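Open the model in your viewer and keep the selection panel at hand. The stops below say what to select and what is there.

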Amino acid sequence: AEVTALLGSHAEAARRAAAWRREHRDAPVPETARALRLGAIGLAREGRFDCAAALLEETEHAEAAARRPASERVETALVRARCLSLAGRFTDEDALYARLRREALSDGEETAARFLAQEARALLDRRDYDGAALRFEEALARGGDDPAVRAELLLDLAATAYHSGDPARSR
């Protein structure tokens with residue numbers, strides 16, 4: 001299901017995640033939460049926002065009951081933010097980022113970088129290029145040594161600079 005989502009087939013990924021959950025009803029919470037998050041984003045991309053929200057509620061309850069680490073709760077919140085964006089609920093999305101900021105930035109470099117990068121992409125959706133560039137730079141500073149993550153962030157920053165009217169900075 002995760003590979004299917006990476007290939008852009010979010011609806012199919014949601015169906016595969018639901019099938020996996022039916023076959024693995026007693027799976028550990030981290031794996032179940034991953035499947036629920038995949039399902040939620042797939043449903044949101046289909047416009048089924050209430051169904052996506054219900055899956056995220058189920059995920060949050062399972063994570064809370066199992067006392068899962070902050071990084072997993074942040075990951076679920078980031079999926080919720082994407083779903084809010086897809087629903088056009090930008091004020092709610094911004095409020096979620098504001099509530100999540102302290103926890104996300106204090107949970108470690110990888111979590112902080114993921115949070116900052118997603119917040120930057122949300123700012124790009126609203127054409128706030130300066131704010132997005134700042135967040136991408138913060139994400140790069142916190143992103144660690146993973147070459148793939150760094151490359152992705154550098155490409156996003158370059159594209160942001162280009163679209164903001166600063167093509168020289170995009171090189």
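**Stop 1: helix α2**

This is a predicted model. Select residues 10–23, which form helix α2.

Now colour H10, A13, A14 and A17, the buried residues of α2. These four lie on the same side of α2, because they cover an arc of only 100 degrees around the axis. The background is helix geometry: with 3.6 residues a turn, residues three or four places apart in an α-helix point the same way. Turn to the other side of α2 and select R22 and E23, which are exposed.

**Stop 2: the cysteines**

How many disulfides does the structure hold? The number is zero. Select C51, which is in no disulfide: the nearest cysteine sulfur belongs to C83 and is 11 Å away. Seen from C83, the closest cysteine sulfur is the one in C51, and 11 Å is too far for a bond. The cut-off applied to such a sulfur pair is 2.5 Å.

Is C83 buried or exposed? C83 counts as buried, because its relative accessibility is 7%. C51 counts as partly exposed, at 35% relative accessibility.

**Stop 3: salt bridges**

Side chains of opposite charge can pair when their charged atoms come close. Searching the whole structure gives 21 salt bridges. Three of them are shown here, by way of R48, D92 and E152.

- Select R48 and E46. Their side chains meet in a salt bridge, with 3.5 Å from N to O. R48 has 42% relative accessibility and so counts as partly exposed. E46, at 38%, also counts as partly exposed.
- Select D92 and R89. Here the N to O distance of the salt bridge is 2.7 Å. D92 is partly exposed at 33% relative accessibility, and R89 is partly exposed with a relative accessible area of 44%.
- Select E152 and R121. The closest N and O atoms of this salt bridge are 2.9 Å apart. E152 lies in helix α9 (residues 147–163) and R121 in helix α7 (residues 109–125), so the pair ties together parts that are 31 residues apart in sequence. E152 is partly exposed, with a relative accessible area of 45%. R121 counts as partly exposed too, at 28% relative accessibility.

**Stop 4: T76**

Select T76, then show the helix that holds this residue, α5 (residues 70–86). Is T76 buried or exposed? T76 is buried, because its relative accessible area is 0%.

Which residues is T76 in contact with, leaving aside its neighbours within four places in sequence? They are R37, L56, T59, E60 and E63. Display these side chains together with T76 to see the contacts, for which the cut-off is heavy atoms within 4.5 Å.

Notes:
Residues numbered from 1 in each chain as written. Predicted model: local features only at pLDDT ≥ 70, side-chain atom pairs only at ≥ 80, totals over all residues. Heavy atoms only, no water. Helix = DSSP H or I, 4+ residues; strand = E, 2+ residues; numbered from the N terminus. Expected span 1.5 Å × (residues − 1). Buried < 20%, exposed > 50% of the residue type's maximum accessible area, 1.4 Å probe, protein only. Arc of directions from axis to C-beta. Salt bridge = Lys/Arg side-chain N within 4 Å of Asp/Glu carboxyl O.
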